[in-house]
Amino acid sequence: MIDAVQQPLPLVVLTGFLGSGKTTLLNRALADASMRDTAVIVNEFGTIGVDHLLVSQVADDVLLLASGCVCCMAGEDLGTALVSLLRRRRTGALPPFRRIVLETTGIADPALLLQRILSDTELAAQCRIEGIVTVVDAMWGEVTLERYAECASQVALANRLVISKQDLVESRRVESIVTRLRSINPVASIVLSGGDQPTAHGVFDDLRTAAVCAFDAVPPSSRLRPLSTHPAHHADRYQTFWLAWSEPTPWEDFKAWLEGLLMARGDSILRLKGILQVAGDAQPVIVQGVQYALYPPQSLARWPQKTPRSELVFITRDFSCAAAVRSLAPFLPYQIDTG
């Protein structure tokens, strides 16, 4: 049996554009009992108010908080900080935390970070990406989405979207930002944050389930939303679509197609996730990837739906559903449903 310290740790990426409120959300979460035994990596350490939670300094760049969390300051390379944190946990220099929350800078594209983790053998063996939580400001979120491509990318990649400051705007503004977010990412769960703050459980838990199965609750006709093509809107370059087929799939054929597709168009495929019916295997296989990198495939104990069926959801930038189908046809000559 693998020792608990050696088991892959769930990693949650917390992102959001400058001023969105992600640090406020993180501070509140750290005080929650459910966040005990969590390691937090931030790369804007001077802006995060953890002094009231501080108990002692474990190392030059690591703090032990009253909640039981470990808080680490990182430089530009969060991947390097993550490797260091995991190594010190493994050697016993740090408490055996059970989860990692990694806060990115406000202008970061989380796809680059995920690709860094997925392409590192050491990191891939020690942690699993649980999901991405993206914070969007209800007051300025729509303007930011139009002006900054980084914000749209953060939204497109999210498993969960937290709308902050919703108590400071009229309800119609909240409805408008929800509609805008849904046009970019129709499958992420949405949490409202404001006067009545969501619990840490409501923000950081159950992300792995959402990462794989959230789109099952979305009607097929709603999974792909028509987007404006106005060139001034960065967010309008993003699309979400799905491919589905009923025939069992030879793994090697599928792998050859997917690896070739990511190699050729990884810059356009921000994220893909789904479930695969593999020929000769009764268990469904979870497939996820970010740009040029693939997560290690994982088997589920049982199918979430009654009838086995392969389904893939794509979040892309300047890459259409039709292009995906054309690339798949030579490898898997099945009837492909799209939406």
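At 31% relative accessibility, aspartate 37 counts as partly exposed. Aspartate 37 sits in the loop between helix H1 (22-30) and strand S2 (38-42). Helices (H or I, at least four residues) and strands (E, at least two) are DSSP runs, numbered from the N terminus. The phi of aspartate 37 is near 65°, a positive value in a residue other than glycine. Most residues other than glycine have a negative phi.

The model is predicted, so local features need pLDDT of at least 70 and side-chain atom pairs count only at pLDDT 80 or more, while totals for chains, interfaces and linings use all residues. Residues are numbered from 1 along each chain as its sequence is written, and side-chain values use heavy atoms, with hydrogens and water left out.

Lysine 165 is partly exposed, with a relative accessible area of 27%. Its side chain meets that of aspartate 137 in a salt bridge (3.1 Å, N to O). The pair links distant parts of the chain: aspartate 137 is in strand S7, lysine 165 in the loop between S8 and H7, and they are 28 residues apart. A salt bridge here is a side-chain nitrogen of Lys or Arg within 4 Å of a carboxyl oxygen of Asp or Glu. Aspartate 137, at 8% relative accessibility, counts as buried.

By this rule the count comes to five salt bridges. One of them joins the side chains of arginine 128 and glutamate 130, at 3.2 Å from N to O. Arginine 128 is partly exposed at 26% relative accessibility. Glutamate 130 is buried, with a relative accessible area of 12%.

Tryptophan 140 is found between strand S7 (127-137) and helix H5 (141-147). It is exposed, with a relative accessible area of 53%. Together with Met139, Val143 and Leu168, Trp140 makes a nonpolar surface patch of about 390 Å². Patches are made of residues with over 30% relative accessible area and no salt bridge; like charges are joined within 9 Å, and nonpolar side chains (Val, Leu, Ile, Met, Phe, Trp, Tyr) within 5 Å. The areas come from the Shrake-Rupley method with a 1.4 Å probe; for residues, only the protein chains shown count as cover.

Helix H6 (residues 149-157) is mostly covered, with seven of its nine residues buried. They are Cys151, Ala152, Ser153, Gln154, Val155, Ala156 and Leu157.

The largest nonpolar core holds 51 residues, and Ile41, Leu82, Leu85 and Ile100 touch the most other members. Helix H2 (residues 78-91) gives the most to this core, with six residues. A second, separate core of 23 residues includes Leu262, Val278, Val287 and Leu312. Such a core is a set of buried Ala, Val, Leu, Ile, Met, Phe, Trp, Tyr and Cys residues joined through side-chain atoms within 4.5 Å. In soluble globular proteins, nonpolar side chains tend to be buried together.

Leu312 leads on to the strands. In S15, leucine 312 is the bridge partner of leucine 243. S10 and strand S15 (residues 310-317) pair in the antiparallel sense over eight bridges. Two strands pair if DSSP finds at least two bridges between them. S10 also pairs with strand S16 (residues 337-338), again antiparallel, over two bridges. There alanine 244 stands opposite aspartate 337. Seven of the eight residues of strand S10 (residues 238-245) are buried, so S10 is largely enclosed by the rest of the structure.

Arginine 309 forms a salt bridge with aspartate 337, the closest N and O atoms being 3.2 Å apart. Arginine 309 lies in the loop between strand S14 (298-299) and S15 and aspartate 337 in strand S16, so the pair ties together parts that are 28 residues apart in sequence. Aspartate 337 is partly exposed, with a relative accessible area of 30%. Salt bridges that share partners join Arg309, Glu311 and Asp337 into one network.

Last, the cysteines. Cysteine 127 is buried at 6% relative accessible area, and cysteine 321 is buried at 13%. With a disulfide taken as a pair of cysteine sulfur atoms within 2.5 Å, the count comes to zero disulfides.

Key
Buried means under 20% relative accessible area, exposed over 50%, partly exposed in between (1.4 Å probe, protein chains only).
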